[in-house]
Amino acid sequence: MSIIAQHGEIFIILACLFGFFMAWGVGANDVANAMGTSVGSRAITIKQAILIAVIFEFLGAWLAGGEVTNTIRKGIIDPELLQGDPQLLVYGMLAALLAAATWLLIASMKGWPVSTTHSIVGAIVGFSVAGLGAASVDWGSVMTIAASWVVSPVLSGTIAFTLFKSVQHLIFEARDPFAAAKRYVPMYVFLVGFAVTMVTLTKGLKHVGLDLSFGASLLLSILAGVAVAALGTVMERRVQASSRQTDQFGFSGVERVFGVLMIFTACAMAFAHGSNDVANAVGPLAAVISVVQTGGEIESAALVPWWVLVLGGGGIVVGLVTYGHKVIATVGTGITELTPSRGFAATLAAAVTVVLASGTGLPISTTHTLVGAVLGVGLARGMAALNLRVIGTIAMSWLITLPAGAALAILFFFMFKGMFG
């Protein structure tokens, strides 16, 4: 009797537990991507952020998390290599889930914003080196992923810097900032509607089989941008210019206009994040279920049962509620001081970067993108506005994510092999 037939039920139970733990880590660490700037700029409170994220992250994971997922994330190992001994894939995926989740737990406790994708990628690299030898890893793919450490923050930082400078020049330095806001904000609202729709169509809904071409997504997003800009203009007329003394930001209601925009971007980023990153937890879990149910067949893609997406979405929500506040604090207040207009520039820059990456196939990490955007906004106010100690810690945590995931996965892989093999 094969090992898979003998221990099949135990493998599935372990995979579900570790998959939930991994989804917990995604919620605890990555949700700051969608919510950090909104909370840091005081556009919404931490409780409101958690409520918005719980709803939209769960909906993203459940509705758009994907009926089919790649069993091995990002094409790092060729599934053909595992055909002879499928139990290696089972040990490897269990080890990868447990390793990545353990690293995310450590990072979340420290308040470090690290990439969940890089955590699982590092773990899969570790297991393939341990189980199949270094030659089994597609190092080209790994190098491309490593390149995103530089590409994501530089690109989003540049866009955020430019956006915030334009807001400063067109609105805050105008003779009447409130009148200038009424004139130019519809343009920014259009950009928000456009970028957010693009993120949702290219990142958030492609897993559901709604595979629109880039051109079709572009056209729909432009239409959505125009509709949102029209709605924004109507809402904006209701915001009254307040006297400087009573306005908490000192800029006659201008910041409140950006505050409204921030809530909209936060909801959409949470939905796109839930749909995209739930695969980090669900992919390896679906791979184990598929191998056990087919009695050892290894497919390059596996069907995801609906309850697995609910498990992933539930894990994200639990992680967010229990530990999400730590990383939100680092992104929102640790790097630089944010106001709604600065937070808006950072979030919009992150969304635009994700869109550009989806269109051009650049590998990026949402975490690195958002941190880069917040840095860009801080730089627009000069080096003194940045907390260099926090930035140094974040950079260090990024560098050790891949090797930490790999080392833990090697350890757990041999542990499972010893227990069952």
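**Close-up views of a predicted model**

**View 1. Helices H6 and H12 are oblique to each other.** In this predicted model, helix H6 (residues 139-172) packs against H12 at an angle of about 40°, with the two axes 7 Å apart, and the pair is therefore classed as oblique. Axes are lines fitted to C-alpha atoms, for helices over the stretch in contact, and angles run from 0 to 180 degrees between N-to-C directions; angles under 35 degrees count as roughly parallel, over 145 as roughly antiparallel, 65 to 115 as roughly perpendicular and the rest as oblique. On the H6 side the contact (heavy atoms within 4.5 Å) is made by Ser148, Trp149, Ser152, Pro153, Ser156, Gly157, Ala160, Phe161 and Phe164, and on the H12 side by His368, Thr369, Gly372, Ala373, Gly376, Val377 and Leu379. Sorted by class, the residues of this contact comprise eight nonpolar, eight polar and no charged ones (Ala, Val, Leu, Ile, Met, Phe, Trp, Tyr, Cys and Pro count as nonpolar, Asp, Glu, Lys and Arg as charged, and the others, Gly among them, as polar).

Residues are numbered from 1 along each chain as its sequence is written. Local features of this predicted model need pLDDT of at least 70, side-chain atom pairs count only at pLDDT 80 or more, and totals for chains, interfaces and linings use all residues, while side-chain values use heavy atoms, with hydrogens and water left out.

**View 2. Helix H12 also meets helix H13.** The axes of H12 (residues 366-379) and H13 (residues 388-420) come within 12 Å and cross at roughly 160°, which makes H12 roughly antiparallel to H13. The crossing of H12 and H13 is left-handed. Thr367, His368, Val371 and Leu375 of H12 make the contact with Ile391, Ile394 and Trp398 of H13, a set that by class has five nonpolar, two polar and no charged residues. Elsewhere in helix H13 lies Ala395, which is partly exposed at a relative accessible area of 35% (buried means under 20%, exposed over 50%, and partly exposed in between, with a 1.4 Å probe and protein chains only). From C-alpha to C-alpha, Ala395 and Pro113 are 9.6 Å apart in space, although 282 residues separate them in sequence.

**View 3. Tyr188 and Phe258 form a tilted aromatic pair.** The structure holds 13 aromatic pairs (rings of Phe, Tyr and Trp, the last by its six-membered ring, pair if their centres lie within 6.5 Å; planes under 30 degrees apart count as stacked, over 60 as edge-to-face and the rest as tilted). One of them joins Tyr188 and Phe258, at 6.4 Å centre to centre and 55° between the planes. Tyr188 belongs to helix H7 (residues 177-204) and Phe258 to helix H9, so the pair ties together parts that are 70 residues apart in sequence.

**View 4. Phe413 and Phe414 form an edge-to-face pair.** The ring centres of Phe413 and Phe414 are 5.5 Å apart, with 70° between the planes. Phe413 is buried, with a relative accessible area of 0%, whereas Phe414 counts as partly exposed at 44%. Ring pairs also link Phe11, Tyr91 and Phe420 into a cluster.

**View 5. Ser290 and Val354 are buried residues within helices.** Ser290 has its place in helix H9 (residues 254-293), is buried at a relative accessible area of 14%, and touches Glu297, Glu299 and Ala302, when residues up to four places away in sequence are not counted. Val354 lies in helix H11 (residues 340-360) and is buried at 5% relative accessibility; its C-alpha atom is separated by 9.6 Å from that of Val196, 158 residues apart along the chain.

**View 6. Arg42 has a positive phi in a loop.** Phi of Arg42 is near 60°, a positive value in a residue other than glycine. Arg42 sits in the loop between helix H2 (32-40) and helix H3 (46-64) and is exposed, with a relative accessible area of 55%. For the protein as a whole, there are 13 helices and two strands (DSSP runs numbered from the N terminus, helices being H or I of at least four residues and strands E of at least two), and buried residues make up 58% of the 421 residues.

Notes: A crossing is left-handed if the near helix is turned anticlockwise from the far one by less than a right angle, and right-handed if clockwise.
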